[in-house]
Amino acid sequence: MVTLKINDQEVKVAKGTTVLDAAKKLGIVIPTLCNHPDLCVAGNCRVCVVEQTGARTLVAACAMPVAEGMDIHTNTLKVRNARKHIVELLLSEHRADCTKCYKNQKCELQTLANEYSFGEHIFLDLVEDHDYLIDRSSPAFIKDDSKCIRCQRCVRTCAQLQHVSAIAVANKGSRMKISSFHDRPMSHVVCTNCGQCVNRCPTGALTEKTYIDHVWDAIYDPDMHVVVQTAPAVRVALGEDLGYDPGERVTGKMVTALRQLGFDSVLDTDFTADLTIIEEGTELLTRLKKVLVENDHSMALPMFTSCSPGWIKFIEHKYPHMLANLSTCKSPQQMFGALAKTFYAQKRNLDPAKVVSVSIMPCTAKKYEADRPEMRSSGYKDIDYVLTTRELAVMIKQAGIDFRTIEPSHYDSIMGVSTGAGVIFGATGGVMEAALRTAYEIVTGKPVPFKNLNIMPVRGMEGVKEATIKIEGTTEEWRFLEGAELKVAIAHGLVNANKIAKAVSTGKASYHFIEIMACPGGCLGGGGQPIPTNAAVRQKRMEAIYAEDMHMDIRKSHENPEIKAIYEEFLEKPNGHKSHELLHTHYIERESY
Amino acid sequence: MNSKALTKVDLIFESIDAREVLTTAFSMPNEKIIDQVLESGLRGRGGAGFPTGMKWKFTAAEKDPEKYIVCNADEGEPGTFKDREILDRVVYKVYGGMAIAGKAIGAKKGFIYLRGEYRFLLPQLYLELHKFHKMIAEIGYDFNIEYRMGSGAYICGEESALFESIEGFRGEPRNKPPYPTTSGLFCKPTSINNVETLVTAMMIIAKGPQEYVKLGTKDSRGSKVFSVSGDTPVPGIYELELGMTVQQFVDEFGDGDTKAVQVGGASGFCVPRKKFEETIIGFEGVPTGGSMKLFNSSRSMYNVLHNYLDFFAEESCGQCTPCRVGCQQLLKGVEKVKKGEAKSTYLNELVKLADTMKVASKCGLGQSVGNAFKSIVENFREEIIY
């Protein structure tokens, strides 16, 4: 332990603690910008400078480790002057058109400016000295360098959390900027559209591309029937943007709010999550049979999940030789979209051309996924608009809905009934757990041998998880799997996905089934989730997701009555002809830069 | 004031028997090498002036079996060209100094980070390196040196940015602590020394610290190689004993009309004529990595300042706010004042900004921009405004 003094108060902290964290312990707030709990220390914005007695210069609290007998002052005249200057300097290179900015009132620089910079600006405006281009090339997000304060949170996110490095620092001095490979548009580089950078950008330099007005237009168009689906992870995070603490489950209130916004039908992505389990589970069992029994290696093992569009684009860029290992199943969002304009439209007697399909996702990559040319198997654009959790919160505020006081309600049917297996798709390990709950039962006729169906080995926030499930007591049809050990792995965050993909690619791993989610924590930590998202918040959301699962009457996908019905009435059988037409897709090899 | 007369010295370029010096050094206990360098009072010749013996002592104290000695040959300070001359003429002494430093700190591997613009020296340097490796092997000692090339960024002369560059990353300074002596190149304990420092250290071992301390003053021991340029009839490289005043220097090198001397390059200090007498060139006065630029009365100090600020606005790595934006603000600010588009009192705001840059920037680059800025603005304010 190390003892030091901050503002004349003594504090004892572990060796290696930063001055910033030691101050936090005393309840002393030191402002920060480039610092983010998910990322390694940068120490480059310098907003957190404090005075250390005896030091020649001020020190950055976020980067300075504590030392025995250290004497720190966080609020001296020297500190205040420097901090004011730094905030003013950042403002001078930042296009501060706050009232026009998407991040207005959610901008960390603006918050600091409110505290440190009012009245006349000291310094000259530098924004006009640069030729800033706004990159709108990605369907998922907008990159506006004129708002960028070069804190490099995005760069560190892309490299450290995602192992993508689609963006990096280019040039030096006054021309230093965050850029892509050869300044190519973001739509033409390895960017996976995961939006983790968007979630961490302190200003309006990186924002999701918003489709709020498009959705309003559709809602107000009397000719259009607007259906909305909500992803599992949205219900455990939306509350954060509407005044609740992290971890609050607001499913019922969200449904009511969506209805009040004017959507014609409020449906659930969890339904197609259940459907994914049936399709993907069947695909896995088929692959196992082909490879293990029939020795037919035209199908590849291990099989990777395909629900996460960030992961899909990652593997297309970085491991294109393994595309055959990806499940051909579309993501639940896209299965929903394809069914909304076919099955749903038929059942409700609607002209599919007049159905507008909107999805609320914790994700920015879903915006990109919806735009993929493959995603038109209904004959129309399967998903018209994708909104993030944050955008939904904005719409709810715009509509003047008092979220705290509205009564919860239930999803509409059809395609609104779901199970606990569907909801856990929102957490890392959830798809695996849901798949095992169903596959094990198909093969053995018995539920998975875990208490309360909770397959604990696949849960939790560890970056890479592995589990082995021994299959015993198989039915006649699946006798070839008797005694077999199903080896599974789970990774979340692309840096971990890369570890597994590399191990598989080099033959160092012998898994059968691998779940991969592009974002840390899975969808609950998605790029479209409320800001801030960090380890503590993800933990809360995860607990909420599993609580949601425990509260569901049905917790196995194959027991969802609407799933049984859709196969009887429309799809016929899992992996059947119609499924392949509507629910499965193919992938594209992409460049590696 | 204890100034010394201007005395030319020949220590750095003096020929010595490297084999003999190294054989002696390799037989010395590590502590003794470090003690001798400590005793000599040698301070880093790159500009910052950290006591070399201390640096070696700290690195030697680290337990890690893998350590490095790095020679900083990224000579980039405007107006400095002495390391090029040293490399060109006596590189064997650079290698020797590295081997001695390596012995003292326990490093078997050395890297020389060579300024990109000095690539033309490489064939000659490699030839000498081959000879050196052969000699070391003959003495029966294990030490190996490799070259790494810079690519033209001024910031890569900053020690931690230099490590990043060698490691293959963008040259951006690291947070300190940890200091290089604990975690330097490849996060291993590293002693990084300037070209001239290493040669001087070898000469101290060759001649003994007692000889060396006879030169210079209490705060600035020994001699130093100066790169003399600007308005002088005799530009070039001169090795001089430390402790002279700027006046003595100007008397020797000036053209009779010197109005200011920029000591230590763009990151150094501008000494105006009225302070020539009272200013000692050395750590007790104005320290320098070697750059001495003389300006006569035909020069506009606004242009001099503008040139430096332009340089910094381009050569800041851009990582930290005070340096990246501060340099641009200083540059744009003096331009506006000069054009009459900002009030002359705006210079006062800029001086305050320079103070902030000095205490809040992440590395020595941003911290030293204020040196030239303030010393020129304070001494030649009228030239900036009118």
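Helices and strands are here DSSP runs, a helix having at least four residues and a strand at least two, and they are numbered from the N terminus. In this predicted model, chain B contains 14 helices and 9 strands by that definition. The radius of gyration of chain B is 21 Å, close to the 21 Å that the globule rule gives for 386 residues, so chain B is as compact as a globular protein of that length. The C-alpha trace of chain B spans about 70 × 45 × 35 Å along its principal axes.

Two further values describe the fold of chain B. Of its 386 residues, 60% are buried. Of the contacts in chain B between residues at least 6 apart in sequence, 73% join residues at least 24 apart.

The domain assignment divides chain B into domain 1, covering 18-213, and domain 2, covering 301-385. The centres of domain 1 and domain 2 of chain B, taken over C-alpha atoms, are separated by 33 Å. Where the two domains of chain B touch, domain 1 contributes 9 residues and domain 2 contributes 8 residues. On the side of domain 1 of chain B that touches domain 2 of chain B, there are 6 nonpolar, 1 polar and 2 charged residues.

A helix pair in chain B may be considered next. Helix 1 (residues 18-27) and helix 4 (residues 82-105) of chain B have axes that come within 10 Å and cross at roughly 5 degrees. Angles under 35 degrees count as roughly parallel, and helix 1 and helix 4 of chain B are therefore roughly parallel to each other. From helix 1 of chain B, the residues B:Ala18, B:Val21, B:Leu22, B:Ala25 and B:Phe26 take part; they meet B:Tyr92, B:Lys93, B:Gly96, B:Ala99, B:Ile100 and B:Lys103 in helix 4 of chain B. By class, this contact between helix 1 and helix 4 of chain B comprises 8 nonpolar, 1 polar and 2 charged residues.

A residue is buried if 20 or more other C-beta atoms lie within 10 Å of its own. In helix 6 (residues 159-166) of chain B, 8 of the 8 residues are buried, so this helix is largely enclosed by the rest of the structure. The buried residues of helix 6 of chain B are B:Glu159, B:Ser160, B:Ala161, B:Leu162, B:Phe163, B:Glu164, B:Ser165 and B:Ile166. What covers them includes four strands of chain B, namely strand 1 (68-73), strand 2 (109-114), strand 3 (144-149) and strand 4 (190-194). After helix 6 of chain B comes B:Gly168, which has a positive phi, near 100 degrees.

Attention now turns to the interface between the chains. In chain B, 31 residues are in contact with 30 residues of chain A. Helix 10 (301-315), helix 11 (321-339) and helix 12 (346-360) of chain B each supply at least two residues of the side of chain B that touches chain A. Helix 11 of chain B gives the most to that side, with 11 residues. By class, the side of chain B that touches chain A has 12 nonpolar, 11 polar and 8 charged residues.

One helix pair links the two chains. Helix 2 (residues 77-92) of chain A packs with helix 12 of chain B at an angle of about 105 degrees, and their axes are 10 Å apart. That angle makes helix 2 of chain A roughly perpendicular to helix 12 of chain B. In this pair, A:Lys78, A:Asn81, A:Ala82, A:His85 and A:Ile86 of helix 2 of chain A meet B:Leu353, B:Thr356, B:Val359 and B:Ala360 of helix 12 of chain B. The residues of the contact between helix 2 of chain A and helix 12 of chain B divide into 5 nonpolar, 3 polar and 1 charged.

A:Glu462 lies in the loop between helix 14 (430-444) and strand 16 (464-470) of chain A. A:Glu462 is partly exposed, with 13 other C-beta atoms within 10 Å. A:Glu462 and A:Asp549 are 87 residues apart along the chain, and their C-alpha atoms are separated by 21 Å.

Key:
Residues are numbered from 1 along each chain as its sequence is written. Chains are lettered from A and ligands numbered from 1 in the order in which they are written. This is a predicted model: local features need pLDDT of at least 70, side-chain atom pairs count only at pLDDT 80 or more; totals for chains, interfaces and linings use all residues. The radius of gyration is taken over C-alpha atoms; the globule rule is 2.2 Å times the number of residues to the power 0.38. A residue is buried if 20 or more other C-beta atoms lie within 10 Å of its own, exposed if 12 or fewer, and partly exposed in between; C-beta atoms are placed from the backbone. Two residues are in contact if their C-beta atoms, placed from the backbone, lie within 7 Å. Ala, Val, Leu, Ile, Met, Phe, Trp, Tyr, Cys and Pro count as nonpolar, Asp, Glu, Lys and Arg as charged, and the others, Gly among them, as polar. Axes are lines fitted to C-alpha atoms, for helices over the stretch in contact, and angles run from 0 to 180 degrees between N-to-C directions. Angles under 35 degrees count as roughly parallel, over 145 as roughly antiparallel, 65 to 115 as roughly perpendicular and the rest as oblique. Domain bounds come from an automatic or database domain assignment.
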